[in-house]
Amino acid sequence: MYLGIDLGTSGLRALMTDAAGKPVASAEAQYDVQTPHPGWSEQDPGDWITALDQAMAQLQGSPGYSDICGIAVAGHMHGAVLLDGFDQVLRPCILWNDTRSAAEAAELDATAKVRDLSGNIVFPGFTAPKLLWVQRHQPEIFANTAKVLLPAAYLYLHLTGRHVADMSDSAGTSWLDVGARDWSEQLLDAGHMRRDQMPDLVEGSAAAGTLRPELAVRWGLTGPVTIAGGAGDNAAAACGTGVMAPGQGFVSLGTSGVVLTARDGFRPDPATAVHTFCHAIPDRWYQMGVMLSATDCMNWLGRITGQSPADLTAGLGEELQPPGPVTFMPYLSGERTPHNSASLRGGFQGLSIATTAEDLARAVMEGVCYGLRDCLEALRKTGAEIDSCLVIGGGSKSAYWVKLLATILNLPLQLPKDGEFGAALGAARLARLAVTGDDPAEVLTAPESAMTVAPDPQLRDGYEAGYAAFRKRAAELT
């Protein structure tokens with residue numbers, strides 16, 4: 001048996017699979033995010049440990065549970081867990097969606113060779129600018145920082161007693177030479193950090209350590225249990241969906257939005273605001289465009305109207321309509337691709353006395369899809385092409401939204417059959433690779449497709465004009 005752990009922003013999910021990779025059992029535990037000031041987003045790393053114990057307790061008794069022989073973690077990226085010399089947490093983890101370090105990010109981004117080596121713009125959510133912020137605003141904590149760990153790496157410390165992190169997660173720190181897959185002395189110097197403050201690096205499909213005996217006893221595992229390197233959440237999702245080769249990709253219509261494709265080489269283009277990261281297996285990379293608010297825009301509209309997203313969109317049915325009279329810019333939390341702006345804000349245009357809540361919901365869906373089209377176009381500027389594209393995430397449950405997205409992207413979208421294909425499955429597959437040494441091409445396969453949703457040829461031109469208007473409005477805002 002193999003266990004994949006998806007360490008998410010709002011909760012932890014554990015998925016157990018058998019020797020053939022078939023899901024057997026799963027468990028979940030939730031925790032909170034703290035926002036002590038506007039733009040801040042923090043979490044107590046101790047909550048992750050508690051959630052893991054709760055999930056393992058739920059799994060106990062599942063058939064084959066005691067035979068778990070491999071574990072891997074998929075973690076939310078970019079977070080900064082600061083430890084002292086005794087591995088004690090010095091302050092709450094600063095999360096990926098925290099924007100306090102926008103000024104520090106801009107300074108790092110303007111430093112010579114930073115983009116060249118890291119392969120990316122230094123976004124405010126990345127790890128390196130967070131440490132510069134701590135240095136300036138909490139100097140005593142910075143002075144006492146012996147190690148900086150990403151969220152998944154903190155779980156690995158708990159699991160193995162080692163400071164270790166995988167390549168895909170570490171690529172989002174702005175300290176890693178993403179092409180060379182190693183910590184960069186020049187990037188560390190630019191961020192006022194040292195190599196000894198970094199964890200050891202390991203490929204996601206390789207062994208990172210062994211489960212501590214006391215945890216094996218507490219959880220009722222017969223052991224020994226290999227802990228794999230694991231992955232950042234999107235790289236793990238790529239492993240779960242079989243996105244390994246050039247031309248393969250997925251669109252995630254989740255809380256945030258992602259368009260991701262695999263690459264067989266390091267081909268960064270930071271000016272596009274596309275993320276270029278190491279993949280979770282050796283000698284592979286991936287690129288993605290990221291928008292910070294996707295289905296979260298619909299959740300926001302639901303909160304302010306007092307209606308659920310399902311109620312807001314119920315009247316639309318499944319038959320795709322032409323672009324609506326109201327337009328929406330989906331920048332509720334700033335934006336990454338293609339604008340790289342923490343201060344950019346969203347809004348509606350075209351409101352009238354006749355505008356209904358359904359009109360607003362339709363505009364939100366269209367605006368999110370136009371934002372994902374921006375991500376796709378940015379990827380194309382790097383030379384990436386997506387021939388085969390899955391659509392995943394909570395928004396993919398809306399038939400209308402998927403038809404709209406396929407038409408605006410002008411790409412056929414494959415809907416996977418119900419089942420496991422996300423980050424938790426990707427992590428379990430990496431655990432299997434670390435234990436067995438199997439060929440990744442045979443393990444990291446695509447899920448079975450339930451159906452393919454094609455673009456609507458009758459509405460294609462209308463939405464192309466809508467996208468052009470969206471781009472013009474975005475240019476005015478930026």
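**Exercise 1.** Find how many aromatic pairs the structure holds, then classify the pair of Trp 48 and Tyr 154.

*Solution.* This predicted model holds 13 aromatic pairs. Start with the rings of Trp 48 and Tyr 154: their centres are 6.1 Å apart and their planes stand at 70°. Planes over 60 degrees apart count as edge-to-face, so this pair is edge-to-face. Next, locate the partners: Trp 48 belongs to helix H1 (residues 45–59) and Tyr 154 to helix H6 (residues 151–160), so the pair links distant parts of the chain, 106 residues apart. Finally, check burial: both Trp 48 and Tyr 154 are buried.

**Exercise 2.** Now do likewise for Phe 266 and Trp 285: which class does the pair belong to, and is each residue buried or partly exposed?

*Solution.* The ring centres of Phe 266 and Trp 285 are 6.4 Å apart with planes at 40°, so the pair is tilted. Phe 266 sits in the loop between strand S17 (257–263) and strand S18 (275–278), while Trp 285 is in strand S19 (residues 285–291), so the pair ties together parts 19 residues apart in sequence.

**Exercise 3.** Describe the surroundings of Leu 301.

*Solution.* Then look for partners beyond four places in sequence: Leu 301 touches Leu 312, Phe 348, Leu 360, Ala 361 and Val 364. Of these, take Ala 361: its C-alpha atom is 7.4 Å from that of Leu 301, though the two are 60 residues apart along the chain.

How values were computed
Residues numbered from 1 in each chain as written. Predicted model: local features only at pLDDT ≥ 70, side-chain atom pairs only at ≥ 80, totals over all residues. Heavy atoms only, no water. Contact = heavy atoms within 4.5 Å. Phe/Tyr/Trp six-rings, centres within 6.5 Å; stacked < 30°, edge-to-face > 60°. Helix = DSSP H or I, 4+ residues; strand = E, 2+ residues; numbered from the N terminus. Buried < 20%, exposed > 50% of the residue type's maximum accessible area, 1.4 Å probe, protein only.
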